[in-house]
Every structure is written in C-alpha cells, then in structure tokens.
Amino acid sequence: MNDRIRWGILSTANINRLLIPQMHHSARSEVQAVASRNLSTATAYAAEWEIPTAYGSYEALLNDSKIDVVYIPLPNTLHAEWAVAAANAGKHVLCEKPIVQTLGDFERAEQAARENNICLVEAFANLHHPQHYVALSLIESGRIGELQTINGWFYFHLSPEKVNNIRLNAELGGGSLWDLGVYSNALSIFYAGGKAPQSVWGTRFLGESGVDVTFAGQMLFDNRITAQISCGFKNPPREGLQLVGDAGILEILSPHNTTGEHETEFRLTDNVGTQETIVNSPKNSYVAEIEAMEACVLDEAEPLLPLSLCREFLRTVLALHESANTNSLIQLRSTEQLYGDRQ
C-alpha cells in the first residue's frame, strides 16, 4: 500500500461534486478513475474533474489494479450488488447511505467485506463531523442531565416538475425516509446508545410515484429514551436536532449539512431558560469522511461507523417502513422475528 489511497468512483452522480474536490486536496488521497455505463460520458466527466482514467463499465474499474478504494454513489437499489462486487475485487468500499435496503443484502455485503479483509463503510457524512462527538461528550458530562427525548427533522422541497428525480423512483429505492429520514434515524440511535429502539411507529404520505414524500416516526429505546423524527420533500428546506434532558436542551442547528464554510453552533438552554451558544470550528463533513476512510485503509484504524452500528440503523428504518405499511406498532425483538424469510 502506498502512503496515499487511490480512489475509483462508480458513476457520475451529482453528489460526487461534494467529495471529488476534497479528495483532490487531501495529502493522502488521489482520484484515479471514474466509471460510467457510457464511455463517452465517463471520458467527458474525467476531463471536467481532472481524473486520469475513464471507464465505460463498472466492472472495468473494479479490475483496475491501481484502485485501492471504490466510492459508490449509485441508486440505492444498486448499492448491495456493487459493494459486494468491489469487496470481492479486493477494493475497500465507501458506499453512500443507505448502504443496502434489506437485511439479507447487509449480510452478503458484510460477509464479502470480512472474507476479503477490506473496509466497508457507510457514507453518513453528517456522523463523521466532529460536532456530534462534541455534543455526545456534553451529554455524557451531564450538561443536560439525563437524556430523555430526541427530536430530529430534515426537509427540502422537490418542485412538481422534478417528476423524474431519482428520489421519487420506487424501483430505485426512493422515498423521503431512505433519502432524508435515515440521517435523523442514525443520529437518534447514535445519541441513544448505539442500539436499535425497542419499538417504533411510522406514518407516511405517498406521492404519485408511490414513494413516501413525507414520513414521521417515533421510537422507544430500552433505556426509556424516546425519539421523534420527520422528513419530506414537500416543505421548505429545514433541518435540526434537539436533545432534551431533565436539566436542559441541547439544540444542534446544522446536524446534517456541514460543508465547512462556517462554524457550527449549539444552543444550550437550562431549566430556567438561560441560554448558552457553543461554537464549533468549521469542518467539512466530507473531508472528515475521507479522512476516516484514509485512516481505515492506511493506518488500519477502526471505522468511525462500524457495520454493527449500521446494522442497527437499517433494522430501524425497515421497522419504520413496516409500521407505516401495516399501521401498527413494530417491536424490534430480533431480526428473525421481525423479518423472517423476507430478509
């Protein structure tokens, strides 16, 4: 292994624009190749983003011995297939969230990573941002007393003319919960102790394409912490996270979109209404994500988000969907009990 990791990118997805500049600027990364299903598309994209090699198929990129790490920003339903293929090709993998959409696919991806001794990391950029570890330390130090309730939300507006947006495509794993709600879901589990909740209740409203355009969920954790999350495509952009304890409230004003251009802020309010603003240094969450991947590959560090935690994220999202489908409370006692042969 060199002292830099060489990235290959599967597809010319729009989200690449947030990572490629950070890879270019990193002292420990370089972008080696990009692949598209169309060689001319890949070639034009490579020229635009100053990437040395373009491939007209994903398989060709995986066969490139110069690639150490593959970034997968494909549609949700393709994540499992190409994460497994990349792992079997001996490549480390950074896969956009959700890493997969079924527990069976999770098992296959995890097994491929284990058998090939590679790092498989789910690309929750927000949870790589240092502010969440600062917030966790504030809670653990007792600044809000005993954590009782978590409230998280994430919305933006998809205009009616964007009917072909991938987020609205049921066949490609779209919907507001898979696209936006997974962020608040993951943060709730992270702050509640790292385990899936005891039970969940989900409510959704479907759009014309058959995916949820708004979703609301409630969770009850074994430690008596409750969480309420909501998301959607039919409101003005807004995001937030409230961590409510018996001695105060910690509000994280930008829990998801942290591109490093500005400082991030917390608002801490005690039980008599006294407020304190806590300012965190600027940090681009995609830089933090890339740095964590570099540490995994080059330094043999443990992933910041281990697969055991990502499994809890997935179990909970699946249970929320099950609850919305059946209009019932879902108990997460075991994956076998909940999902049986539907894995």
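Biologist: What does helix α7 lie across?

Modeller: Helix α7 (residues 131-140) lies across β7, β11, β12 (248-252), β13 (264-270) and β14. Its direction is about 175 degrees to that of β12. Keep in mind that this is a predicted model.

Biologist: What makes you say that α7 "lies across" those strands?

Modeller: Contact here takes heavy atoms within 4.5 Å, and α7 lies across β7, β11, β12, β13 and β14 on that basis.

Biologist: Why are β14 and β15 called edge strands?

Modeller: Each of them, β14 (275-280) and β15 (330-331), pairs on one side only. They sit at the two ends of the order β14-β13-β12-β11-β7-β10-β9-β8-β15, an open sheet of nine strands with mixed pairing.

Biologist: How do you know that β7 and β11 pair?

Modeller: Pairing needs at least two bridges, and β7 (residues 147-157) and β11 (residues 234-245) have nine, in the antiparallel sense, so they count as a pair. Within it, L147 stands opposite G245 in β11.

Biologist: What makes Y191 and L243 stand out in the largest nonpolar core?

Modeller: Of its 83 residues, those two touch the most other members. Helix α8 (residues 176-192) gives this core its largest share, 11 residues. Apart from it lies another core, of 24 residues, including M23, V34, I290 and M293.

Biologist: Why call such a set a core?

Modeller: Its members must be buried, under 20% relative accessible area, and joined through side-chain atoms within 4.5 Å. In soluble globular proteins, nonpolar side chains tend to be buried together.

Biologist: Which residues is L243 in contact with, leaving aside neighbours within four places in sequence?

Modeller: Among them are I139, I144, L147, I150 and Y191, and also G248, I249, L250 and I252.

Biologist: How many of the residues are buried?

Modeller: Buried residues make up 56% of the 343. The accessible surface comes to about 15100 Å², with 47% belonging to carbon and sulfur atoms.

Notes:
Residues numbered from 1 in each chain as written. Predicted model: local features only at pLDDT ≥ 70, side-chain atom pairs only at ≥ 80, totals over all residues. Heavy atoms only, no water. Buried < 20%, exposed > 50% of the residue type's maximum accessible area, 1.4 Å probe, protein only. Helix = DSSP H or I, 4+ residues; strand = E, 2+ residues; numbered from the N terminus. Axes fitted to C-alpha atoms, helices over the stretch in contact; angles between N-to-C directions. Areas by Shrake-Rupley, 256 points an atom, 1.4 Å probe, with all protein chains shown as cover.
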